[in-house]
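Please read the following report alongside the sequence and the 3D view.

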Amino acid sequence: MNGQPTSGASAVIDLGAGWQQQQPGSDRPRPRAVQRPLTAAVAVALVLALGGAAPARRLDELAAITLSLQGDFQIVDEVLLVRDADRLAGYSLDDGTQRWNIALPGMAGSGMAPAGTVPGLMVTEMQDKLTGHRTTYAVDVATGAIRWQDDDLSLTPLADVAVAITPTGEDLAFAQITVRDLRTGRPRWSAQNVLPAVNHLALLAGPGPMPIWTLQTTGELSERDLRDGRLLRSHRLDLGEAVPVDLSIVGDELILETVLGDTKTVARYSTADLAPVPLTAPFVRRADCGAYWCTSSLSAELGPTADPVEIVDKATGVVRRRFAGGSLVVPTPVGLLVVGPEPRGRGLPATALLDAATAEPLADLTGWNVYLDYPGTVTVLTRGTGPGQVAWLRPGGLDMAQLPVPVDRCVFAPRAVACPHPAGVLTVWRRTG
């Protein structure tokens with residue numbers, strides 16, 4: 001690999017125009033919000049950025065790194081990780097220099113994921129080229145030291161734990177759950193021969209319990225905290241002679257499929273009190289959006305037709321905003337980002353940015369896409385095909401710049417971006433100005 005910094009070539013910046021702020025409504029602002037509302041200074045900075053009057057941001061080239069077609073890369077905690085030719089290297093995003101380089105033999109069996117809520121740690125999986133055997137590694141991104149490895153399980157980081165759900169039967173339904181401490185790799189708890197169901201949105205909701213549901217063949221249904229296996233609730237379902245074959249979570253419901261002979265039966269239960277839910281009732285999804293619930297429903301009888309997404313006041317139940325069915329509302333440090341349902345290129349079309357405290361529109365984002373090709377810690381918007389505009393969405397406003405290469409496969413940090421272009425080269429730029 002060639003990790004030497006380059007001589008500081010700069011990309012041309014064109015802020016352009018086309019972002020227009022919507023006029024706020026007359027509703028009185030809400031004084032409380034779980035998510036911090038925009039301050040006046042931040043709101044002004046955002047309006048200036050949308051109107052094209054923000055100061056120009058320059059992209060200075062930091063490094064050009066050799067990368068084969070089999071190589072991959074990711075940014076974790078302000079370190080660029082490059083995995084190629086049985087090696088893993090870390091590069092500084094301050095000056096582009098290589099910090100460390102270690103042997104990591106095999107083929108990439110998974111991406112390089114930030115280690116949940118444990119700072120400075122990355123988890124990845126490598127597959128032996130001859131035997132196909134997989135090994136999970138936890139790597140310190142600052143030093144390249146391998147904190148721990150597991151030669152038996154494919155582990156995924158969630159908050160401060162690493163989780164493996166391994167099928168134990170021929171039907172692949174029942175599984176063994178293994179949970180390890182993410183910092184040390186030591187076992188925390190496990191469960192054998194259970195039917196698991198995980199609400200991934202609930203796992204990311206905050207510092208409280210991380211619920212995982214398990215069902216045994218006896219009908220014993222348990223809700224546990226994924227972090228330590230602590231039992232939160234239990235309930236016995238009367239399965240009769242039926243055999244459970246699938247357990248899943250849709251919104252606030254558990255969906256159970258059982259088989260008796262040649263007959264398959266579906267049952268629905270509320271996760272709030274485990275009461276049965278009629279099969280004809282719509283499936284309702286509800287996400288925490290600070291002072292509001294972001295809700296949508298899906299008809300059980302009409303199939304994939306989704307009702308509009310609604311932003312509902314938690315205190316009063318009043319619907320403050322409605323968007324097209326299938327839309328997403330994503331809480332960000334700047335506000336609630338509304339994303340349309342139809343994919344466009346490598347992202348989803350951005351619709352609007354709302355104040356997190358009042359649900360009032362802050363900006364019309366028509367023409368921009370939310371970039372989805374990387375599991376980064378910053379929200380990035382893109383516009384145009386080929387080399388085009390990018391915008392970092394951050395608490396101080398929006399920082400826009402012009403990428404000199406297509407955004408495909410780029411990864412972003414709060415002040416840097418790395419893109420594979422041209423073939424065989426990974427280029428790193430840092431945002432200045």
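Cys-289 is buried, with a relative accessible area of 1%, where buried means under 20% relative accessible area, exposed means over 50% and partly exposed lies in between, computed with a 1.4 Å probe on protein chains only. This is a predicted model, in which local features need pLDDT of at least 70 and side-chain atom pairs count only at pLDDT 80 or more, while totals for chains, interfaces and linings use all residues. Residues are numbered from 1 along each chain as its sequence is written, and side-chain values use heavy atoms, with hydrogens and water left out.

The partner of Cys-289 in a disulfide is Cys-294, which is likewise buried, at a relative accessible area of 8%. A disulfide is taken here as a pair of cysteine sulfur atoms within 2.5 Å, and by this rule the count comes to 2 disulfides. With the bonded cysteines of the chain numbered in sequence order, the pairing reads 1-2, 3-4.

| Disulfide | S to S distance |
|---|---|
| Cys-289 and Cys-294 | 2.0 Å |

Trp-293 has charged side chains over its ring. The charged end of Arg-286 sits over this ring, 3.8 Å from its centre, and Lys-314 lies over the face of Trp-293 at 4.6 Å from the ring centre. Such a placement requires NZ of Lys or CZ of Arg to be within 6 Å of the ring centre and within 35 degrees of the ring normal.

The next topic is strand S29 (residues 347–354), which is largely enclosed by the rest of the structure because 7 of its 8 residues are buried. Strands are DSSP runs of E with at least two residues, numbered from the N terminus, and two strands pair if DSSP finds at least two bridges between them. Strand S28 (residues 335–339) pairs with S29 in the antiparallel sense over 4 bridges, and Val-339 stands opposite Ala-350 in S29. S29 also runs antiparallel to S31, to which 3 bridges join it, with Asn-369 in S31 as the bridge partner of Pro-349. Another 3 bridges join S29 to strand S30 (residues 361–364), again antiparallel, and here Ala-352 has Asp-364 as its bridge partner. S29 and S30 form a hairpin with 6 residues between them, and Ala-359 in the turn has a positive phi of about 65 degrees.

Aromatic rings form the last topic. Rings of Phe, Tyr and Trp (its six-membered ring) pair if their centres lie within 6.5 Å, and planes under 30 degrees apart count as stacked, over 60 as edge-to-face and the rest as tilted. By this rule the count comes to 2 aromatic pairs. Tyr-371 and Phe-412 form an edge-to-face pair, 5.6 Å centre to centre with 75 degrees between the planes; this pair links distant parts of the chain, Tyr-371 in strand S31 (residues 369–371) and Phe-412 in strand S35 (residues 411–413), 41 residues apart. Tyr-371 counts as buried at 5% relative accessibility, and Phe-412 is buried with a relative accessible area of 2%. Trp-392 and Phe-412 also form an edge-to-face pair, with 5.6 Å between centres and 75 degrees between planes. Trp-392 lies in strand S33 (residues 387–394), 20 residues apart from Phe-412, and counts as buried at 2% relative accessibility. Tyr-371, Trp-392 and Phe-412 form one aromatic cluster.
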